[in-house]
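Here is a protein with a ligand. Let us take its helices and its ligand shell in turn.

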Amino acid sequence: MTTPALLPLSGRRIPPLNLGPPSFPHHRATLRLSEKFILLLILSAFITLCFGAFFFLPDSSKHKRFDLGLEDVLIPHVDAIKGAKNSDVFLIHGPDEHRHREEEERLRNKIRADHEKALEEAKEKLKKSREEIRAEIQTEKNKVAQEIKSKEKKPLPPVPIPNLIGINGGDPEDNDTREKREKIKEMMKHAWDNYRTYGWGHNELRPIARKGHSTNIFGSSQMGATIVDALDTLYIMGLHAEFLDGQRWVEENLDFSVNSEVSVFEVNIRFIGGLLAAYYLSGEEIFKIKAVQLAEKLLPAFNTPTGIPWAMVNLKSGVGRNWGWASAGSSILAEFGTLHMEFVHLSYLTGDLVYYKKVMHIRKLLQKMDRPNGLYPNYLNPRTGRWGQYHTSVGGLGDSFYEYLLKAWLMSDKTDHEARKMYDDAIEAIEKHLIKKSRGGLVFIGEWKNGHLEKKMGHLTCFAGGMFALGADGSKTDKAGHYLELGAEIARTCHESYDRTALKLGPESFKFDGAVEAVAVRQAEKYYILRPEVIETYWYLWRFTHDPRYRQWGWEAALAIEKYCRVTGGFSGIKDVYSSVPTHDDVQQSFFLAETLKYLYLLFSGDDLLPLDHWVFNTEAHPLPVLHLANTTLSGNPAVR
Ligand code: DMJ
């Protein structure tokens with residue numbers, strides 16, 4: 001079967017955007033006019049004072065002293081005189097005195113005229129009826145609103161769109177693989193359709209209660225996280241009617257002017273990443289516009305003494321803060337260290353370097369810091385610029401920081417050598433201190449806590465198998481073979497963590513302690529919430545080795561998800577993967593559509609779909625094109641798509 005042909009998306013007209021002015025500009029307009037009156041009155045009083053001073057103070061011009069500070073305020077145009085002298089105090093004598101008297105007279109006349117004009121204007125205003133003043137205020141308001149509207153609609157500067165190779169296709173080479181790919185597409189449709197029916201516009205879906213769901217990472221607003229996260233998966237699967245439905249929702253409803261406190265990291269990887277990927281794939285400007293609008297709202301999070309952003313920011317007020325649970329008020333490495341890809345693309349597309357500068361500042365700051373054993377701790381205080389607790393992890397709290405160092409290099413067409421070096425150095429330290437082999441021969445990545453290695457690996461850490469494989473080419477001293485092998489070992493360990501459960505789905509974290517290997521011990525670690533990391537690693541290993549075991553392992557996982565997580569209203573996470581009777585958590589996570597199903601679909605597609613030398617996937621599996629930055633600049637270029 002062939003992949004359905006692409007719909008002519010880019011030729012379609014987008015309905016006009018609803019960019020009505022937010023409420024604060026009206027307030028600003030009102031203030032403007034009132035301010036004008038107040039300023040006018042103050043100015044009149046001030047001018048009168050000066051005028052009086054000239055006429056009634058004793059004439060000391062024979063030995064007149066100009067204090068330059070005051071002079072700047074009172075007589076701005078004596079700059080020429082000031083420039084003639086080097087000293088900041090000088091005396092005026094002889095012929096200069098005559099010239100000075102003339103100048104003084106001219107100034108007096110000007111002040112008198114200005115004063116009279118200001119008084120006339122004030123009288124005129126005061127003569128007006130309340131209605132007339134109200135009408136003027138309204139006109140002023142409309143003017144400001146109009147200005148804001150036209151600013152928002154202003155097209156972003158054109159830039160050369162990178163080579164968009166392989167945005168469709170990937171037809172599998174045999175029937176069996178094709179059927180598997182079709183099955184994954186059907187699962188995506190089931191997840192999407194149910195969200196469409198029961199959770200539309202909410203952030204996520206509760207597939208059993210059949211209603212919307214959200215968590216604090218998205219704040220208190222319904223921002224349609226599942227829609228934005230799923231767009232590119234729908235697109236590459238050829239689900240174009242669904243994609244257009246999502247696009248329409250984005251055009252008509254996605255609004256960031258909300259009084260809501262969101263996670264900067266989550267909003268960046270899911271929303272900005274999702275919107276940018278949707279833009280590159282479809283060519284629809286609306287996605288780019290929305291991504292930029294959102295990015296502007298995140299910028300106040302960087303207003304900290306160090307420039308390390310807060311974890312959360314209120315989209316309306318711009319007030320930021322950190323998670324209460326984070327060590328000593330710290331920001332989290334995996335959060336402030338996972339902005340680079342999206343922010344570089346934002347600068348590329350807008351020609352505005354502000355985004356690029358923010359992430360480069362973070363990088364420079366990290367480069368300067370001491371690293372215990374060469375490891376980056378997970379916590380950094382944004383006020384003091386000091387590390388919090390010495391806790392290092394390649395899983396939760398640390399993971400995607402390392403991933404983004406590697407991907408910054410790949411995304412720059414391998415020209416960002418600084419990022420590559422930071423990645424190589426970090427991985428070297430990780431290998432030395434955190435990676436071990438269990439008694440049973442399983443290679444695992446532990447966590448460094450207060451001076452000792454905890455032999456525990458998270459489901460999140462399993463992404464590292466794919467990262468090692470992706471970073472193999474270009475590694476220091478030609479260790480490509482070694483890193484590919486390391487990636488394969490991690491994939492094997494993570495597969496074991498799935499295989500050793502009743503449901504063949506992996507737990508949230510698993511231990512390597514004595515007889516216990518790759519198995520969760522505590523009840524609180526036995527859940528599976530539709531996470532993608534293990535399947536992500538299978539896909540990367542498949543792309544680099546074409547070893548059939550990765551497709552086989554991926555298919556095992558797909559079947560287990562289908563059997564135990566699928567419910568009539570969508571897909572749900574599972575509370576205990578060791579119990580043969582699954583208990584559902586009743587949440588269909590947005591990353592299930594963005595990542596898990598996308599990686600499965602790619603696993604059963606040909607390598608020509610989103611080839612890895614042209615696309616780099618952000619940490620939420622949103623593909624962004626490689627930027628050939630050596631041939632262009634981040635501040636835009638006068639070429640068009
Ligand atoms: C996703 O949101 C991203 O992959 C992130 O980097 C961490 N994990 C979740 C899914 O498990």
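**Helix packing and ligand shell**

Helix 7 and helix 20 cross in a left-handed way (the near helix is turned anticlockwise from the far one by less than a right angle). This is a predicted model, where local features need pLDDT of at least 70, side-chain atom pairs count only at pLDDT 80 or more, and totals for chains, interfaces and linings use all residues. Residues are numbered from 1 along each chain as its sequence is written, and side-chain values use heavy atoms, without hydrogens and water.

Q: Are helix 7 and helix 20 roughly parallel or roughly antiparallel to each other?
A: Their axes, lines fitted to C-alpha atoms over the stretch in contact, lie 7 Å apart at an angle of about 15°. Angles under 35 degrees count as roughly parallel. Helix 7 and helix 20 are therefore roughly parallel.

Q: Which elements give two or more residues to the shell around the ligand?
A: The ligand is surrounded by residues including I269, R270, F591 and E595 (a heavy atom within 4 Å). Helices are DSSP runs of H or I, at least four residues. The elements asked for are helix 9 (264-282) and helix 20 (590-603).

Q: How far does a polar side-chain atom of T619 lie from an oxygen atom of the ligand?
A: A polar contact is a pair of N or O atoms within 3.5 Å. For E595, the distance from a polar side-chain atom to a ligand oxygen is 3.0 Å. For T619, it is 2.7 Å.

Conventions:
A polar contact is a pair of N or O atoms within 3.5 Å; within protein, one must be able to donate a hydrogen and the other to accept it, and residues adjacent in sequence count only if both atoms are side-chain atoms. Axes are lines fitted to C-alpha atoms, for helices over the stretch in contact, and angles run from 0 to 180 degrees between N-to-C directions. Angles under 35 degrees count as roughly parallel, over 145 as roughly antiparallel, 65 to 115 as roughly perpendicular and the rest as oblique.
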